[in-house]
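Please look over the sequence and the model shown here before reading on. The report that follows takes up loops, helices and single residues in turn.

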Amino acid sequence: MSIRLKTKLSIGLNFLFIVIVLFGVLGLFYINRLSNDGRLVLQNNHESLVYCNRMLQSLEDLQTDKNAMATFEMNLKKQQANITEVGEKEATDDLTRNYNELLIDPSDSTNYSDIRRSIFKIQDLNEMATVRKNTAAQQTAENAKDVLTVLFTILTLVAFTFIFNLPGIISGPIRSLSEGILAVAGKDYKKRIYLRQGDEFGDLANAFNTMAEKLDEYESSNLAKIKFEKSRIETIINQMRDGIIGLDEKRNILFLNAVAEKLLGLKEAAITGVYAPDIAVTNDLMRRLLQDNPEKKDLKIYADNKESYFSKDVLEVTNNETIIGQVIVLRNITPFHELNEAKTNFIATVSHELKTPLSSIKMSARLLTDLRVGALNGEQQELIRSITDDADRLLKITGELLNMSQVETGNIQLKLQPASPVTIVDHAVQAVLFQAQQKHVQIRTKIADNLPSIQADLEKTSWVLINFLTNAIKYSPEDADIEVTACLQRNKVEFIVKDNGRGIEEKYLPRIFDRYFKVPGSHDRNGTGLGLSISKEFIEAQGGRIWVKSELGEGSSFGFSFNAG
Ligand code: ADP
């Protein structure tokens, strides 16, 4: 049976208490006994010796001193009352008898010697008793010394045992427990504490072991869950048709899926843990993947035995808002590219094929208005004008679509030559003059003096300016003013078309140059949403810059600039 710690401590402390009490009681007992013995010697024997001495003295003085008799009798009485030793009573009775005989015959000297003998006898008895008692007291003191020494030795040994064992009883289990707690803190959930004690420490160790067991179970079930999730995600990643590459925060390779392995021509096992920029030194695709691609241009890669297109997405993996890695997703968009190409080719073909019949419709319509063909009534003239307008609009649209297909296929043919800004502005203003007049819109030109010529494709640059002007007229009210500026700004020639029309909401401005984008609610059914995107392509292909500034209700400014010279 095991003893509780509380009981152990109680036993120890109770023992010490008993020891102190025992020591005190024994000490008091012996001191008391010794002092009693001394007192008795003093009282019983010393006093008898004093009486005897006084009686002897009185006997000497009996002839000369009248009071001697009384002193003798008084001391005799005291002696009679202080009989303590064996034989003392007989000796005192003898003394009394001899004294009485002396009283009867004071002249008989034999009485004196009898009295003296009796007194000596009493003295002897008491002196012997004193010696004996002294010896007994010494014996008592010796005994006390022995008993207390033995007791002291035993108690010292017991106390030493306590001193040596008690700290161990407490600190041993505490050390084991703190070792266990540190192990668990270090995630060693297999740690157990074995204390073969049935006390509170034993209970604590059992509780600790239960806790560690539970943690171990929890950890293994979590681990199993994590392993399951990992293999699930790995399966999904490997099944995906997109290439996926995982990097850690230091850009070391974490994983590649099968598609990425094929595209990079590298095996996952061979490059896991390798610093990605090191691979980029010898691997062209990896280099392109690690490069920043702010324009989000599609990557052209030779894969599946043909030119393939991939879009690259870099996803940042975060944990508590700190970046712990990157996942690069390479999406195969070749089918979309192929479809887009087919669409562009179709548009180019259709637009091209429509151009000739549309031009002949326009031509025929104009011929119909010739009086030589025959006079037309007012209604017929109106119909012819409507046919011409529609043909113009269709020609504009087919022209835009053709331009766009050129842009999309990367087939922009630029005829770069020195061009005068004045010529470009005049050309464009002339082209929209009729349209402006119809709407009573005033076009003002502000061309700075001595503008340097620019290196540009005259036709395409004019086309852009015409597009700006057409839009400005379209989105301005009747009788409005439009300003065309050409000036030199920081060694760049700038062309700006400013209108006071309805303007554009700020949120649409970033998308205004996107293909097919039309400001929602503009109610312009004729527009294609292509004009500005083609303008951007035309200007940027020539190394220029294009921009817009606009405020809703205030009007818009569209501009582009080229390097002078
Ligand atoms: P569209 O052929 O439809 O005019 P654009 O690419 O030229 O196509 O223009 C795109 C959109 O931008 C238009 O639908 C129109 O809403 C807006 N926009 C262009 N120019 C102006 C302007 N000067 N004022 C207001 N909105 C304009």
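## Two loop residues with positive phi

R490 is found in the loop between strand 9 and strand 10 (492-499), where helices (H or I, at least four residues) and strands (E, at least two) are DSSP runs, numbered from the N terminus. Phi of R490 is near 45°, a positive value in a residue that is not a glycine. At 77% relative accessibility, R490 counts as exposed; in this report buried means under 20% relative accessible area, exposed means over 50%, and partly exposed lies in between (1.4 Å probe, protein chains only). This is a predicted model, in which local features need pLDDT of at least 70 and side-chain atom pairs count only at pLDDT 80 or more, while totals for chains, interfaces and linings use all residues. Residues are numbered from 1 along each chain as its sequence is written, and side-chain values use heavy atoms, with hydrogens and water left out.

D479 is found in the loop between helix 13 (458-474) and strand 9 (481-489). Although D479 is not a glycine, its phi is positive, at about 60°. Is D479 buried or exposed? With a relative accessible area of 57%, D479 is exposed.

## Helix 4 beside helix 5

The axes of helix 4 (residues 109-185) and helix 5 (residues 200-239) come within 11 Å and cross at roughly 10°. Axes here are lines fitted to C-alpha atoms, for helices over the stretch in contact, and angles run from 0 to 180 degrees between N-to-C directions. That crossing makes helix 4 roughly parallel to helix 5, given that angles under 35 degrees count as roughly parallel, over 145 as roughly antiparallel, 65 to 115 as roughly perpendicular and the rest as oblique.

Which residues of helix 4 and helix 5 meet? From helix 4 come I169, I170, P173, I174, L177, G180, I181 and V184, and these meet F201, L204, A205, F208, M211, A212 and L215 in helix 5, where contact means heavy atoms within 4.5 Å. By class, the contact of helix 4 with helix 5 has 14 nonpolar, one polar and no charged residues. For these classes, Ala, Val, Leu, Ile, Met, Phe, Trp, Tyr, Cys and Pro count as nonpolar, Asp, Glu, Lys and Arg as charged, and the others, Gly among them, as polar.

At 1.5 Å a residue, the 13 residues of helix 2 (residues 68-80) should span 18 Å, and the end C-alpha atoms of helix 2 are 18 Å apart, which agrees. The expected span of a helix is 1.5 Å times one less than its number of residues.

In helix 2, the residues A68, F72, N75, L76 and Q79 are buried. They cover an arc of only 105° around the axis, which puts them on the same side of helix 2; the arc is that of the directions from the helix axis to the C-beta atoms. An α-helix has 3.6 residues a turn, so residues three or four places apart point the same way. What covers the buried residues of helix 2 includes helix 1 (5-61), helix 3 (88-104) and helix 4.

Q123 lies in helix 4 and, at 11% relative accessibility, counts as buried. Not counting residues up to four places away in sequence, Q123 touches L49, C52, N53 and L56.

E261 lies in helix 6 (residues 258-264) and counts as buried at 17% relative accessibility. Residues up to four places away in sequence aside, E261 touches L256, L266, K267 and E268. The C-alpha atoms of E261 and G243, 18 residues apart along the chain, are separated by 7.9 Å.

## Exposed residues in other loops

The place of K415 is in the loop between helix 11 (378-408) and strand 6 (417-419), and at 56% relative accessibility K415 counts as exposed. K415 and L458 are 43 residues apart in sequence and 7.7 Å apart in space, C-alpha to C-alpha. Not counting residues up to four places away in sequence, K415 touches A456, D457, L458 and E459.

S107 is found in the loop between helix 3 and helix 4 and is exposed, with a relative accessible area of 64%.
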